[in-house]
Amino acid sequence: MTPRLLFRIVAIAEAVTWTLLIAGLVLRATTGWALGVTLGGGIHGFVFLAYAGVALLVGIDRRWRPGLVVLAVASAIVPYATIPVDVAVDRRGKLDGAWRREPDTAFPDRTPLDALVRWFVRRPAVLIGVFAVLLVAIFATLLALGPPGGR
């Protein structure tokens, strides 16, 4: 899977989960069914965290400037904004190419994160495992802290 395809999948998934959350909010407002918000919000929160992690991973691999990584992550805060961000970075060629698996002498690493991401990309099973464990740990911690705005 290329960086472009992975980023596109999670950008679309993040937008779809906005629909689930909004539908849950509408259902709660019109019928009083609060479980819709709980389900839609939980799924959206999990996918939001996955999108943020993938944006960071792809941004480091594709050598995005920090501001672009922040913009990509922040776009998930605005409903459906991940789609135009995906289109924009793709049009600018920021998602082109395969994963960087080897050091590039023409473009040496800028930070230790470059080498770390390359190490993980060469070991996709380890990357997926670590990513999943971190994602679940962060999600569980946030669930324990409670919903945004309190109960």
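Analyst: Happy to! One term before we start: contact here means heavy atoms within 4.5 Å. Please also keep in mind that this is a predicted model.

User: With which residues is Tyr 51 in contact, leaving aside its neighbours within four places in sequence?
Analyst: Tyr 51 is listed with those that have the most contacts inside the largest nonpolar core. Setting aside neighbours within four places in sequence, its partners include Glu 14, Ser 75 and Thr 82.

User: Where does the largest share of the lining of the largest pocket come from?
Analyst: The pocket has a volume of about 710 Å³. Among its 19 lining residues, Gly 41, Gly 42, Gly 45, Pro 147 and Pro 148 are the closest to the centre. Helices α1, α2 and α6 (124-145) each supply at least two lining residues, and the largest share, 8 residues, is from α2.

User: How many charged residues does the lining of the second largest pocket have?
Analyst: This pocket holds about 430 Å³ of space. Of its 16 lining residues, the closest to the centre are Gly 53, Leu 56, Leu 57, Phe 131 and Leu 134. By class, 15 are nonpolar and 1 is polar, and the number of charged residues is none.

Definitions and conventions:
Residues are numbered from 1 along each chain as its sequence is written. This is a predicted model: local features need pLDDT of at least 70, side-chain atom pairs count only at pLDDT 80 or more; totals for chains, interfaces and linings use all residues. Side-chain values use heavy atoms; hydrogens and water are left out. A nonpolar core is a set of buried Ala, Val, Leu, Ile, Met, Phe, Trp, Tyr and Cys residues joined through side-chain atoms within 4.5 Å. Buried means under 20% relative accessible area, exposed over 50%, partly exposed in between (1.4 Å probe, protein chains only). On a 1 Å grid over the protein atoms alone, a cavity is a set of points where a 1.4 Å probe fits but cannot get out, and a pocket is an open set with protein on both sides within 12 Å along at least five of seven lines; lining residues have an atom within 4 Å of a point. Grid points are joined across faces, edges and corners, and a volume is the space filled by probe spheres set on the points. Helices (H or I, at least four residues) and strands (E, at least two) are DSSP runs, numbered from the N terminus. Ala, Val, Leu, Ile, Met, Phe, Trp, Tyr, Cys and Pro count as nonpolar, Asp, Glu, Lys and Arg as charged, and the others, Gly among them, as polar.
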